[in-house]
Amino acid sequence: MALNLAEALSSIVTQADAADWRAAIRLAGDGLVLGGATTDAYTDEMIDAVEKHGPYIVIAPGIALAHSRPSPAVLTGGLSWVSLATPVKFGNKANDPVNLVIGLAAVDHDAHLAVMRALAGVLSDRSAMERLTAATSPADVRAVLGGFAAVA
């Protein structure tokens, strides 16, 4: 059974303000903490991963999948969604600037892959992405993702 992103998201923030990529990741991390998936330490781990490995988390034009390795800071699997009012640069020449940051906390590699499969379907659907980019409320985001999941 495919992962339903609308149901999996524990936190959704639309049109948020972030001064830079670190602040954008921190917003996604705050959503994971709020949803009970991680501790604050995981947010620091996500930022540290980008500082160490570069902007590999920018997986498509305008989209970052903020995550780190499974660790004791991950309490359970979780997803957060942050759309930015003003896009920020992560340093990825091909895919900057970023206007959507999805926070991912996975307990293992298999959970990470399940989320990637679900995201790939949504990210490759131009109409869904246009509606998600224009979303101004958590209900709007859930409606698009829920509708997409129903036909996927």
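Colleague: Which residues does Leu84 touch, leaving out those up to four places away in sequence?

Modeller: This is a predicted model, where local features need pLDDT of at least 70, side-chain atom pairs count only at pLDDT 80 or more, and totals for chains, interfaces and linings use all residues. Residues are numbered from 1 along each chain as its sequence is written, and side-chain values use heavy atoms, without hydrogens and water. Contact here means heavy atoms within 4.5 Å. On that basis Leu84 touches Gln15, Ala16, Ala18, Ala24, Leu27, Val98, Asn99 and Val101.

Colleague: Which residues touch the most other members of the largest nonpolar core?

Modeller: A nonpolar core is a set of buried Ala, Val, Leu, Ile, Met, Phe, Trp, Tyr and Cys residues joined through side-chain atoms within 4.5 Å; buried means under 20% relative accessible area, exposed over 50%, partly exposed in between (1.4 Å probe, protein chains only). The largest one has 25 residues, and those touching the most other members are Ile25, Ile57, Leu84, Phe90 and Val101.

Colleague: Which element supplies the largest share of this core?

Modeller: Helices (H or I, at least four residues) and strands (E, at least two) are DSSP runs, numbered from the N terminus. At least two core residues each come from α2 (21-34), α3 (40-53), β3 (63-66), β4 (78-88) and β5 (98-105). The largest share, 5 residues, is that of α2.

Colleague: Where is the cis peptide bond?

Modeller: Pro97 lies in the loop between β4 and β5. With omega near -5°, the cis bond runs from Asp96 to Pro97.
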